[in-house]
Amino acid sequence: MAAIEWTPALALGHEEIDAQHQELFRRAEQLLQAMLAGDKASIEGLFDFLGTYVVDHFAAEERLMTASQFPGYTVHKAAHERFVRDYQSLRKLHQDSGASAAVAIKARTWLAEWLRNHIGQTDQLFARHLKLRS
């Protein structure tokens, strides 16, 4: 399976947000590796870390959106909220499944797709807005 990796093509040009995105990719990959290895102690810690980190990251983005009067704020915030709900569902699925490899594969597919699409498209719209405002 291919790794979940941040690439320079996903850079927004905002140092703090880009660093947070890179950390999200690193930790998501660590979570998926732990899931595939059946490393229960690491899995729980990584689920906890990512669950908190993503909420903090989204809050940072949303503060920037509000401060810059980003017109797509409502839609973007809804995408963040949907991710949090889906992430919680994934965690529950993992717990309920007894840590199956099938859930790890589903997690990899969903996380990789969501991160690449959201950062590569949705966040890029916001980045263009920020560049126009500066």
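Trainee: Is E23 buried or exposed, and why does it count that way?

Mentor: E23 counts as buried because its relative accessibility is 15%, where buried means under 20% relative accessible area, exposed means over 50%, and partly exposed lies in between (1.4 Å probe, protein chains only). Keep in mind that this is a predicted model, in which local features need pLDDT of at least 70, side-chain atom pairs count only at pLDDT 80 or more, and totals for chains, interfaces and linings use all residues. Residues are numbered from 1 along each chain as its sequence is written, and side-chain values use heavy atoms, with hydrogens and water left out.

Trainee: OK, and what does E23 form with R26?

Mentor: E23 forms a salt bridge with R26, and the closest N and O atoms are 2.7 Å apart; the term stands for a side-chain nitrogen of Lys or Arg within 4 Å of a carboxyl oxygen of Asp or Glu. Both residues lie in helix 1 (residues 15–37), three residues apart, which is about one turn of the helix. Helices here are DSSP runs (H or I, at least four residues), numbered from the N terminus. R26, at 43% relative accessibility, counts as partly exposed.

Trainee: Why can side chains pair up like that?

Mentor: Side chains of opposite charge can pair when their charged atoms come close.

Trainee: How many salt bridges are there by this rule?

Mentor: The count comes to eight salt bridges. One of them joins the side chains of R108 and E29, at 3.0 Å from N to O. That pair links distant parts of the chain, since R108 sits in helix 4 (residues 101–133) and E29 in helix 1, 79 residues apart.

Trainee: Are R108 and E29 buried or exposed?

Mentor: R108 is buried, and E29 is buried as well.

Trainee: What about D96 and K92, how far apart are they in helix 3?

Mentor: D96 and K92 are four residues apart in helix 3 (residues 73–97), so about one helical turn separates them. Their side chains meet in a salt bridge of 2.7 Å, N to O. D96 counts as exposed because its relative accessibility is 54%, whereas K92, at 48%, counts as partly exposed.

Trainee: Changing topic, where does H21 lie?

Mentor: H21 lies in helix 1, and this residue is buried, with a relative accessible area of 1%.

Trainee: Which side chain is joined to H21 by a polar contact?

Mentor: The side chain of D123 is joined to that of H21 by a polar contact of 3.0 Å, meaning a pair of N or O atoms within 3.5 Å; within protein, one must be able to donate a hydrogen and the other to accept it, and residues adjacent in sequence count only if both atoms are side-chain atoms.

Notes. Helix = DSSP H or I, 4+ residues; strand = E, 2+ residues; numbered from the N terminus.
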